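Here is a short tour of one chain, written for someone who likes to have the numbers to hand. Please keep the viewer open while you read.

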Amino acid sequence: QVQLVESGGRLVQAGESLRLSCAASGRTFSIYRMGWFRQAPGKEREFVAAVNWSGGSTYYTDSVKGRFTISRDNAKNTVYLQMNSLRPEDTAVYYCAVRETRNRNEYPYWGQGTQVTVSS
């Protein structure tokens with residue numbers, strides 16, 4: 001198993017920046033990809049960004065391209081999401097998730113989430 005703990009979420013004003021962190025523990029040697037998802041009230045969970053653990057390839061949903069940057073520190077088993085130019089529509093609970101090398105099609109491990117609220 002992999003345990004994930006997100007942190008950094010808080011209330012900010014539109015246009016401000018915020019950095020989220022996600023620390024992994026347990027079977028960290030099995031990590032293939034770490035990603036960020038978000039879920040707004042009354043809406044389905046959506047993909048935000050992901051980074052491959054070994055090669056460092058990154059992926060973003062269109063709505064955050066140019067504003068958000070995902071990065072990882074392999075030595076610390078930690079992934080970050082730098083969020084700039086935040087908008088009210090970015091308000092959501094943000095979740096960190098992991099794909100393992102033995103199953104690269106699913107995210108079986110999830111954190112508890114951290115709330116990001118962007119006021120207008």
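A strand here is a DSSP run of E with at least two residues, a helice is a run of H or I with at least four, and both are numbered from the N terminus. With that in place, the chain reads β-β-β-β-β-β-β-β-β-β-β along its sequence. In total there are 11 strands and 0 helices. The radius of gyration is 14 Å, close to the 14 Å that the globule rule gives for 120 residues, so the chain is as compact as a globular protein of that length. Do keep in mind that this is a predicted model.

Some whole-chain values are gathered below.

| Property of the chain | Value |
|---|---|
| Span of the C-alpha trace along the principal axes | about 45 × 25 × 25 Å |
| Buried share of the 120 residues | 44% |
| Accessible surface | about 6200 Å² |
| Share of that surface belonging to carbon and sulfur atoms | 44% |

Now to one sheet. Strands of a sheet pair through backbone hydrogen bonds, either parallel or antiparallel. In this chain, an open sheet of 4 strands runs in the order E1-E3-E8-E7, and its pairing is antiparallel. Strand E1 (2–7) and strand E7 (68–73) are the edge strands, each pairing on one side only. On average, neighbouring strands of this sheet are turned by 15° against each other, direction ignored.

Which strand pairs with E7 over 6 bridges? The partner is strand E8 (residues 78–83), in the antiparallel sense. Within E8, Met-83 is the bridge partner of Phe-68.

Note on methods
Residues numbered from 1 in each chain as written. Predicted model: local features only at pLDDT ≥ 70, side-chain atom pairs only at ≥ 80, totals over all residues. Heavy atoms only, no water. Pairing = 2+ DSSP bridges. Axes fitted to C-alpha atoms, helices over the stretch in contact; angles between N-to-C directions. Rg over C-alpha atoms; globule rule 2.2 N^0.38 Å. Buried < 20%, exposed > 50% of the residue type's maximum accessible area, 1.4 Å probe, protein only. Areas by Shrake-Rupley, 256 points an atom, 1.4 Å probe, with all protein chains shown as cover.
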